[in-house]
Amino acid sequence: MLALSFTAFVVLCLIQHIAMADTLVYRAEGRAVVTGSDLYGFTVTEWELPATYPPFAAILFVPTTWLPITALKVCFILGNTALLALLVHLSCRLAGRATRTPFLLLAVAVGIWLEPVFQTLLFGQINLALVCLVLWDLTRPAGALGKGFALGVAAGVKLTPGIFIVHLLITGRVREGLTALASFAGTVLLGALVLPSATVDFFTRRLYETGRVGLAWIVDNQSLQGLIARTLHTEHPGLAWAVPTAVIGVAGLWLARRLHRRLGGESPWPVLVTAVTGLLVSPISWSHHWVWCVPLLVVLLARGRTVLAAALTVLFLARPHWLLPHQGDLDLHFPWWQQPLGAPYPVLGLGLLVAAVWAGYGWRGYGDSGPRVPRQGGRGVGSGAGEPVGERAG
C-alpha cells in the first residue's frame, strides 16, 4: 500500500507539473545568503513569493543551492516522506506506545493524502521537520541532557513553535524552558553575526508585515483570523479577531497547564492542546501548517477512539475548504452554511479546546494533587496497552 500510495503521488506530481513553490523560496533565501543580496528584497515564482522566515533559517537553506532544482525537489519529496514516517513514530511515542512496522507503513501510505501533509509535500514545505523537532524534544525523558534545545532551534527557524517554550515554562519545566529560550536566542545571535542587516530588518520591520505572508482572509488560512474574516465578510476583522484570539490563546495555554497537572506529564493532551492553540491564534495558519493532525490521529487510535479517529481522517482526506468556490474574492462571500466547510480546521481546533475543558475539569479519577497511574509501554498502537486506568471509560 505504501509503494502504491507513494507511486500515485509521484505520478500526480509529474502530470500536474508541481512547482513546489516554497522549496524555490528556500533556495532563493540560501542564494541570498551566499551572494550577500537583500534577503527580504526578492520575490520568486509566478506568485511573487518573498522570504518570510528569520535570517537563521536562510543560513540553514544554503545547502539547497548546491543541487539543481529537479534534484532538490526529489530530495524534498523523499525527505518529507521520511519525516512523515518519523512523525508517526514520534506520535506513537507521544501516545506511550511502541511503533509497529505494519502500522507505520500503513500510516505513511494514508498520511501522504491527508490534506495538510499532502500540501506540505506539494509545496516542498518544512512543516514536518519542525513538528518532528518539537515532538522529539518534548517526548524525551524528563531531565535528559539538553532537553529544550531542539525546540529552541525549531522556534529559530520559524517563530510559531515558540508557543511550546511558553508551554514548558507554565507547566513547571523551567530548566527545559530556559534551555529552549537560550537555544532560540542562539539562533538569533547566529543570524545577527552572519546577516546583521537582515536580522535588524526582520525583527524591526518584516516580522510585523503579516500581509507579506499572504492574504489572511483567503480559504487557505485556517486560523481564527481567517474564519472570522470570512464569517464577517471583511478583509480586516480588527478587534473582532484580536479580542477572541487573545482569549483563546490564554485559555488554551491555561487548559494545557491544567491538563498537565491533572493527567500527568506523560499525557499527550497538553502538547496537542498547545499545538492547536498556536494554530488558532497565529494570524495565518495555512492548511499545511495543520500537520499536527498526524499526532492527533495517532493518539486517538492509541486511546481506542477508533470511530472518532476514522471520522477525522475522512475530514482531513476530504479537504472540504478546497471544494468551495474560492477564486478571486469569493472566499469573502460564503453564505452562513458554507462557513464551517470553509474553516474545518479552526472549527475542529475549537472543538478540541472544548473537549479539553471537559477533560481538565470533568474526568473522574484524576485530581490536581491526587495520584496518577503511569503508562505501561511495550505494545503497539491499538493494542489497548498502557492506558491510564479509567481513561477509556472517561
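1. A residue counts as buried when its relative accessible area is under 20%. Keep that cut-off in mind for this predicted model.

2. Start with G111. Its relative accessible area is 3%, so G111 is buried. G111 sits in helix α5, which covers residues 101-111.

3. What does G111 touch, leaving aside residues up to four places away in sequence? The contacts of G111 are L84 and V117. A185 is another matter: 74 residues separate G111 and A185 in sequence, and their C-alpha atoms are 34 Å apart in space.

4. Look just past the end of α9. There G172 takes a positive phi of about 85°.

5. The unreviewed UniProt entry carries the annotation "transmembrane region". In that record it covers residues 70-91, 103-136, 148-170, 177-198, 238-256, 268-286 and 345-363.

6. Two of these spans can be checked against the model. Residues 70-91 are 100% helix and 0% strand. The end C-alpha atoms of residues 70-91 lie 31 Å apart. Residues 238-256 are 95% helix and 0% strand. For residues 238-256, the distance between the end C-alpha atoms is 27 Å.

Definitions and conventions
Residues are numbered from 1 along each chain as its sequence is written. This is a predicted model: local features need pLDDT of at least 70, side-chain atom pairs count only at pLDDT 80 or more; totals for chains, interfaces and linings use all residues. Side-chain values use heavy atoms; hydrogens and water are left out. Helices (H or I, at least four residues) and strands (E, at least two) are DSSP runs, numbered from the N terminus. Buried means under 20% relative accessible area, exposed over 50%, partly exposed in between (1.4 Å probe, protein chains only). Contact means heavy atoms within 4.5 Å. UniProt positions are given in the numbering used here, feature names are shortened, and annotations may be inferred rather than shown by experiment.
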